[in-house]
Amino acid sequence: MARALARGWARPVLCADPLAERARSLAAEVGGEALAGNADVAARADLVVLCHKPAQLAAVAAEVAPHAKAVASILAATPLDALREAYPGRPVYRFIPSLPVEVRQGAVVQAAALEQDAELDAAVGELFAELGTLVVLDDALVDVAMGLMSCGPAYVALVAEAQVDAGVRRGIPAAQGAELVVQTLAGTAELLRRRGYDTTAVRREVASPGGLTARGLAALERGGLRAAFSDALDAVLGEARA
Ligand SMILES: NC(=O)c1ccc[n+]([C@@H]2O[C@H](COP(=O)([O-])OP(=O)(O)OC[C@H]3O[C@@H](n4cnc5c(N)ncnc54)[C@H](OP(=O)(O)O)[C@@H]3O)[C@@H](O)[C@H]2O)c1
């Protein structure tokens, strides 16, 4: 995710990683510098973006907190209170991004918080808003949102793959099937945005009464599509700390 964020921002970064080569290759790609460790990044950065695993919160804070001016976390299952405890007295921000931030088409969730420093709050919000669509939610809902938008790219890729495979079974070459399916996803996303996210209206426009799409939709319902997505969210929330 660190790499996806940096690619989306497309400006020089200061970065560190336990595997030095990984940090070096990121700095070589987007510009900036790979530093020796987290403390060095914290000492020089205006904002430290935490991109490690949730279980590493305390260990990383021990290195970063003494030096950091401000901290933005993208850690799943790590509420604002836990961040404030790890970074006492520092402005802390909680975001959850999604992989398409890399192409500035991501959904990003921000946990709502009281004002810390008006100018910094605005600057940090604007920074993450560059990556796509920023939605502010109550901290308690951030992990639920993560189960939709942060896991979403994997789900959408699976849905696309399943459709392409269905086409292959009926003779469509995989490459052309993928072009058709992926462009349909992208175009439908844009259409939904322009229609105010009204999914039912778009669905009704395509599915004429008694028509072919209505039959296809009924087959998807029989296959348990809605229940499968609901189960997927439950599974994610049950394992958010894994
Ligand atoms: N993947 C997503 O789509 C997504 C979306 C939203 C939020 N998140 C959150 O983003 C965070 C990173 O997820 P990811 O999928 O990018 O995981 P990842 O690929 O495992 O990346 C974590 C990186 O942090 C490094 N790291 C480990 N210990 C560190 C330390 N002490 N200091 C600095 N860096 C350290 C890891 O190095 P090693 O590999 O050597 O341990 C690795 O390069 C997680 O907290 C996750 O909850 C992920």
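**Close-up views of a predicted model**

View 1. A111 stands opposite L137, a residue of strand β7. The structure shown is a predicted model, in which local features need pLDDT of at least 70 and side-chain atom pairs count only at pLDDT 80 or more, while totals for chains, interfaces and linings use all residues. Residues are numbered from 1 along each chain as its sequence is written, and side-chain values use heavy atoms, with hydrogens and water left out. Strand β6 (residues 106-111) and strand β7 (residues 132-137) run parallel and are joined by six bridges; strands count as paired if DSSP finds at least two bridges between them. Together with helix α6 (residues 118-129), these two strands make a right-handed β-α-β unit, where right-handed means that, with the strands pointing away from the viewer, the path from the first strand over the helix to the second runs clockwise. Helices (H or I, at least four residues) and strands (E, at least two) are DSSP runs, numbered from the N terminus.

**View 2. Strand β5 is covered on both faces**. Five of the five residues of β5 are buried, so this strand is largely enclosed by the rest of the structure; buried means under 20% relative accessible area, exposed over 50%, and partly exposed in between (1.4 Å probe, protein chains only). In a regular strand, the side chains alternate between the two faces of the sheet. In β5, V92, R94 and I96 are on one side, with Y93 and F95 on the other, and all of them are buried.

**View 3. Strand β5 pairs with β4 and with β6**. With strand β4 (residues 71-73), β5 pairs in the parallel sense over three bridges, and in this pairing A72 stands opposite Y93. With β6, by contrast, β5 runs antiparallel and is joined by two bridges, and the bridge partner of F95 in β6 is Q110.

**View 4. W9, F95 and F128 form one aromatic cluster**. The structure holds three aromatic pairs, a pair being two rings of Phe, Tyr or Trp (its six-membered ring) with centres within 6.5 Å; planes under 30 degrees apart count as stacked, over 60 as edge-to-face and the rest as tilted. One of the pairs joins W9 and F128 edge-to-face, at 5.1 Å centre to centre and 85 degrees between the planes. This pair links distant parts of the chain, for W9 belongs to helix α1 (residues 2-9) and F128 to helix α6, 119 residues apart. W9 is buried at a relative accessible area of 11%, and F128 is buried at 0%. The rings of F95 and F128 have centres 3.7 Å apart and planes at 10 degrees, so this pair is stacked. Here too the pair links distant parts of the chain, with F95 in strand β5 (residues 92-96) and F128 in helix α6, 33 residues apart. F95 is likewise buried, with a relative accessible area of 0%.

**View 5. Residue R204 is exposed**. R204 lies in helix α10 (residues 199-206), where its relative accessibility is 59%. The C-alpha atoms of R204 and A214 are separated by 8.9 Å, and these residues are 10 apart along the chain.

**View 6. Residue F229 is partly exposed**. F229 is found in helix α12 (residues 225-238), and its relative accessibility is 39%.
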